[in-house]
Amino acid sequence: MSLLSMFKGKGPSGFGYGSTAEEVTEGLDLTGRTILLTGCNSGIGKETLRVLSKRGAHVIAAARTVEKAQAACGEVGGETTAVACELSDPASVKACAAEVAGLGRRLDAIICNAGIMALPKLQQKHGYELQFFTNHIGHFILVTSLLQSLTDNGRVVVVSSGAHKGAPPEGIQFDNLSGERGYTPFGAYGQSKLANILFANELAKRFEGTGKTANSLHPGVIHTNLGRSMPAIARSAMAVAVPVVLKSVPQGAATQCYVAVHPRVEGVTGKYFADCNESHTTRHGRDEAMAAKLWEASEKIAAEVTA
Ligand SMILES: NC(=O)c1ccc[n+]([C@@H]2O[C@H](COP(=O)([O-])OP(=O)(O)OC[C@H]3O[C@@H](n4cnc5c(N)ncnc54)[C@H](OP(=O)(O)O)[C@@H]3O)[C@@H](O)[C@H]2O)c1
């Protein structure tokens, strides 16, 4: 437990910064529930897989390759199905969606957890900046391909980040989704994480009148493999910070487990969570026009790259 965990209190949910995924799901019987999770083989995704399956959920666990997903599933005791989903490859994402739909199980939740951060140099897929394409467009294609599979009160949970605050000053740079008109590693990461929030908000709007919900969240700052692209000096600083200010992996997985399955979140939609409680985004994260514009742009991109 980090020093910070000892000083941070709990919020209205009864949980807080120091809560773990096991604690927020304590006493819940998820038998009969099916949950699709991306990024199941590492970091907070792996802990989410472990805890949700421990509580009885059938987790459809996605990783870049089926071998990675199978290895992760092999480490947990519960009921799981391993699937491949390379988010930067639209054909793989569509194949994953088809495979999941083909299982014939309704989805109680989809947790969009996988992500990459701060690639030092501009990288692209299909002409789009790779963090935006992986973190947002990959999940946009996956979720919108599986809307029919969601249960009537199914929950879409999009793992964003407090780093959405580092998005460009104007928010989503619709005229620079390629990154070619300017690129910074954390600016592009921030933009992709802002896109995660706006996607959840617009989806929540489109779910109005149904029991389905969509929310986004910041999991906290956790020492995982996410920092692999960061310079060595920054990674060393992270390692030093672990016992002082960073969350543990079980703490980092708590908010997404809470939002995905806790009864208190039933019917709650269009919100942003942090430390297992509702929280606040930047003004861009509440911008409905930007969310609508992003949806439209994402639909166009999805159509173009899956044609
Ligand atoms: N750690 C933090 O401090 C922090 C803070 C705020 C938000 N987050 C968010 O939390 C989420 C989980 O991150 P983490 O910290 O657990 O990092 P992690 O340990 O690096 O795990 C990321 C997961 O995403 C997968 N992934 C990456 N690129 C992918 C792709 N193209 N297709 C499919 N899967 C892909 C990784 O697979 P491989 O192992 O095969 O690469 C891995 O399973 C991310 O969305 C991240 O933005 C983390």
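Which elements cover the buried residues of helix H5? The cover includes strand S1 (34–38), strand S2 (58–63), S3, H6 and H11. This is a predicted model, in which local features need pLDDT of at least 70, side-chain atom pairs count only at pLDDT 80 or more, and totals for chains, interfaces and linings use all residues. Residues are numbered from 1 along each chain as its sequence is written. Helices (H or I, at least four residues) and strands (E, at least two) are DSSP runs, numbered from the N terminus.

**Ligand shell**

- The ligand is surrounded by 29 residues, a residue being near a molecule or strand if its C-beta atom, placed from the backbone, lies within 6 Å of it.
- The closest are Gly39, Gly43, Ala114, Gly115 and Thr224.
- By type, the shell holds twelve nonpolar, 14 polar and three charged residues. Ala, Val, Leu, Ile, Met, Phe, Trp, Tyr, Cys and Pro count as nonpolar, Asp, Glu, Lys and Arg as charged, and the others, Gly among them, as polar.
- Helix H3 (residues 43–54) supplies the largest share of the shell, three residues.

**Helix H3**

- The twelve residues of H3 reach 17 Å from first C-alpha to last, close to the 16 Å expected at 1.5 Å a residue; the expected span is 1.5 Å times one less than the number of residues.
- Eleven of the twelve residues of H3 are buried, so the helix is largely enclosed by the rest of the structure. A residue is buried if 20 or more other C-beta atoms lie within 10 Å of its own, exposed if 12 or fewer, and partly exposed in between, with C-beta atoms placed from the backbone.
- The buried residues of H3 include Lys46, Glu47 and Arg50.

**Helix H5**

- The 13 residues of H5 should span 18 Å at 1.5 Å a residue, and the end C-alpha atoms are 18 Å apart, which agrees.
- Buried in H5 are Pro90, Ser92, Val93, Cys96, Ala97 and Val100. They cover an arc of only 160° around the axis, which puts them on the same side of H5; the arc is that of the directions from the helix axis to the C-beta atoms.
- Ala91, Ala98 and Gly102 are exposed on the face of H5 turned away from its buried side.
- Just after H5, Gly104 has a positive phi of about 75°.

**Helix H11**

- Helix H11 (residues 288–306) has 19 residues and reaches 27 Å between its first and last C-alpha, close to the 27 Å expected.
- Met290, Ala291, Leu294, Ser298, Ile301 and Val305 are buried in H11. Seen down the axis of H11, the buried residues fall within an arc of 90°, so they line one face of the helix.
- The buried residues of H11 pack against helix H5 (90–102), strand S6 (128–129), helix H6 (130–145) and helix H7 (185–206). Contact here means C-beta atoms, placed from the backbone, within 7 Å.
- The other side of H11 has the exposed residues Glu288, Ala289, Glu296, Lys300, Ala303 and Glu304.

**Nonpolar core**

- The largest nonpolar core has 86 residues; such a core is a set of buried Ala, Val, Leu, Ile, Met, Phe, Trp, Tyr and Cys residues joined through C-beta atoms within 7 Å.
- H7 gives the largest share of this core, ten residues.
- Ala61, Ala62, Val157 and Cys257 have the most contacts inside the core.
- Not counting residues up to four places away in sequence, Ala62 touches Leu36, Leu37, Thr38, Cys40, Ala69, Val83, Cys85 and Cys96.

- Thr80 is in strand S3 (residues 80–84) and is buried, with 23 other C-beta atoms within 10 Å.
- Leaving out residues up to four places away in sequence, Thr80 touches Ser53, Val59, Ala61 and Cys73.
- Asn215 is in strand S8 (residues 213–218) and is buried, with 26 other C-beta atoms within 10 Å.
- Beyond four places in sequence, Asn215 touches Val157, Ala200, Val259, Val268, Thr269, Lys271 and Phe273.

- Most residues other than glycine have a negative phi.
- Ala118 has a positive phi of about 55° and lies in the loop between strand S4 (107–112) and strand S5 (124–125).
- Cys276 has a positive phi of about 65° and lies in the loop between strand S9 (272–274) and strand S10 (277–278).
- Ala118 is buried, with 21 other C-beta atoms within 10 Å; Cys276 is buried, with 31.

Note on methods. Two residues are in contact if their C-beta atoms, placed from the backbone, lie within 7 Å.
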